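Good morning, and thank you for coming. Please look at the structure on the screen while I describe its parts one by one.

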Amino acid sequence: MWAEDSEAPAQPPVRRGRRPAKQAHPFAVSAQALAAATASDGATGTAVLAMSNQDRGPYASAEVRRTREQSQTPEPLADGRWEIPTLALDSQTALGYLLAADDAEIDLERPIAGGDLRALQALAGFAVDLVGRGRVLPGVRDAGDGRAMAMWSAVVTGADAVWLRAAAVGLPGSFTAACPADVDRGAAAARSLATATDALVDAAVRARLGPVRRRRTAASFRSALTGSDPYFATTPVALATLDEALANWQREVTQVGAVRACFRLVEPPGAAEATAGERVTDAAWRVDFALQSTEEPSLVVDAGQVWRAKGALRALARHVADPQETLLGELGRAVRLYPDIEGALRTAKPSSLTLDVEGAHLFLSEAAPILLAAGFGVLLPGWWTNPAMRLGAKLSVSTPAQPGSAGTKSVIGRDGLVDFRWDLAVGEHTVTEQEVADLVEAQQPLVRVRGQWMYVDADRLARARAFLAKRSHGTGRMSVGEVLATLGALEDGPGGLPVVDVEAQGWFADLLSGQVAHRIAPMTTPPGFEGALRPYQERGLAWFVVPGVGRSGRSPRGRHGAGQDGAASRPDVRRASCGAGSHPAGLPDVPGRQLAA
């Protein structure tokens with residue numbers, strides 16, 4: 001870790017002669033000051049970074065550039081080599097610092113986190129999440145001098161691998177600034193991020209286990225895995241035997257080739273003809289087997305096509321030479337995680353697995369997450385992953401009358417009143433009382449409602465029945481502010497049901513869709529005003545004369561209302577311009593001293 005000081009000189013002192021190949025960074029913070037500012041203990045040292053030059057000094061980070069005058073930050077020129085003081089943290093200290101810095105509130109006295117440090121904060125949270133989900137495996141490494149190091153490493157597959165690859169691509173250039181010039185920066189960033197993930201995972205596992213007392217005087221592999229000291233004494237033969245045993249045990253989890261098995265859940269045919277809550281005892285769900293490219297997930301070849309092929313498949317030719325053997329091997333690997341596949345493997349050419357409704361629900365809720373976490377491909381119906389396609393509450397909102405009509409008190413604003421009605425719904429479709437009764441009678445976790453399969457949670461269904469029993473409380477009037485608060489907390493519908501759909505009419509619909517701003521005519525420059533209003537100021541001024549925007553609800557005074565003598569006051573509009581390097585009017589200056597770590 002290193003830091004920059006925005007108050008330090010931007011350039012090194014002027015010296016005669018040729019510029020040296022390596023220079024001391026002029027505004028890098030000393031390691032001692034960095035340790036004090038971050039309250040972290042670590043080993044001090046130095047590093048040489050390849051950074052763009054800016055005049056005679058190094059190009060500052062974006063966090064420091066924002067605090068300096070425009071004239072001090074010309075365009076960067078050729079790269080230079082700059083030596084910086086560093087503070088090295090062990091994995092336990094680094095994990096604690098990154099998690100604490102990520103949760104800390106904004107404080108102008110604290111150092112500002114640089115882009116690469118923010119990336120590591122996200123990585124620390126990712127490592128803790130992996131540990132919480134059990135996506136870790138033990139390992140061992142030779143440490144020399146008759147010692148070995150026990151360690152925990154991350155198992156990164158599926159969606160986790162996608163996240164980690166995206167994180168590596170999004171890293172700022174400073175993350176690999178210490179790499180030699182002839183090294184591929186992209187590959188170096190990916191390797192560095194993987195190493196950092198394993199180190200943070202190891203620290204997170206040990207922190208979760210807590211201090212463990214050693215029962216033996218000499219450390220063993222098991223005690224080194226669970227204690228604070230990861231080292232233990234061993235011999236070359238014993239280390240090789242342990243390493244081989246661990247590799248064989250972990251092979252089924254860690255070996256993910258260019259092609260993997262993919263499982264697709266297929267709904268029973270004829271869903272469109274079903275009525276709400278129809279219980280179909282012979283509804284046949286199907287899990288289709290396929291091969292899927294790990295590099296191109298959209299490339300999926302079903303098992304039937306694999307078995308019909310003679311030799312290599314054209315679609316997978318560059319990924320696998322023998323697709324049939326690969327499919328059988330992948331299904332054999334998956335059967336330990338999803339034992340129901342065993343029945344299909346008794347056939348010569350397994351291509352699918354037939355399930356009933358209960359089996360389909362178990363696949364969706366239990367088997368699919370396990371297979372996905374183990375690196376297999378899983379394709380599920382869209383309604384299962386769409387929260388809106390669950391039983392919930394639908395809010396219908398309408399305005400009593402349009403603003404400006406005679407005899408109405410409706411206003412546009414947080415205090416304006418609107419008519420509302422709560423209904424039960426699945427997505428945008430309202431559910432009737434009879435349909436809810438059919439759902440209760442079906443007593444199935446997966447049912448069809450108007451031709452669409454959906455998951456019915458027993459607790460949510462009980463809430464729906466309670467809502468129907470108190471149907472009289474589902475209509476009335478509420479303020480716009482209450483409606484917006486309800487939309488901001490979508491789990492707080494009637495009876496605790498989530499809000500799955502909102503239907504609005506009148507000006508409130510325009511407010512939600514953003515169309516109300518387009519329907520308000522801009523207000524031209526008021527008579528007697530010295531200056532010119534810009535287009536955005538004309539639109540903003542027009543809001544002051546919309547009925548009810550202000551606290552008084554009167555027009556055209558708006559929020560300014562009337563003076564003590566009863567005369568209408570005019571909105572206080574001032575013209576402000578921002579030149580190059582100046583701050584927008586009304587914004588405070590950023591404090592001069594900033595540390596970017």
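With seven residues, helix H6 gives the most to the lining of the largest pocket. This is a predicted model, in which local features need pLDDT of at least 70 and side-chain atom pairs count only at pLDDT 80 or more, while totals for chains, interfaces and linings use all residues. Residues are numbered from 1 along each chain as its sequence is written, and side-chain values use heavy atoms, with hydrogens and water left out.

Helices (H or I, at least four residues) and strands (E, at least two) are DSSP runs, numbered from the N terminus. A pocket is found on a 1 Å grid over the protein atoms alone: it is an open set of points where a 1.4 Å probe fits, with protein on both sides within 12 Å along at least five of seven lines, and a lining residue has an atom within 4 Å of a point.

The largest pocket holds about 1,300 Å³ of space, a volume filled by probe spheres set on the points, which are joined across faces, edges and corners. It is lined by 46 residues, of which Trp2, Asp116, Leu120, Ser174 and Phe175 are the closest to its centre. At least two lining residues come from each of several elements, including strand E3 (43–54), helix H3 (91–103) and helix H4 (115–132).

Contact means heavy atoms within 4.5 Å.

E6 and E7 belong to an open sheet of three strands, in the order E6-E7-E8, with antiparallel pairing. Two strands pair if DSSP finds at least two bridges between them. The edge strands, E6 (136–144) and E8 (231–233), each pair on one side only. On average, neighbouring strands of this sheet are turned by 35° against each other, direction ignored. Eight bridges join E6 to E7, residues 147–154, and leucine 137 has serine 153 in E7 as its bridge partner.

Now to glutamine 92, in helix H3. Leaving aside neighbours within four places in sequence, glutamine 92 is in contact with Ala203, Arg206 and Ala207. Glutamine 92 and aspartate 202 are 110 residues apart in sequence, yet 8.5 Å apart in space, C-alpha to C-alpha.

Next, the interior. A nonpolar core is a set of buried Ala, Val, Leu, Ile, Met, Phe, Trp, Tyr and Cys residues joined through side-chain atoms within 4.5 Å. In the largest one, of 66 residues, Phe263, Trp285, Phe289, Phe363 and Leu446 touch the most other members. Helix H12 (residues 357–373) gives the most to this core, with seven residues. Apart from it lies another core of 37 residues, among them Leu95, Ala150, Leu164 and Leu193.

Finally, the whole chain. It has 19 helices and 21 strands, and buried residues make up 39% of its 597 residues.

Key:
Axes fitted to C-alpha atoms, helices over the stretch in contact; angles between N-to-C directions. Buried < 20%, exposed > 50% of the residue type's maximum accessible area, 1.4 Å probe, protein only.
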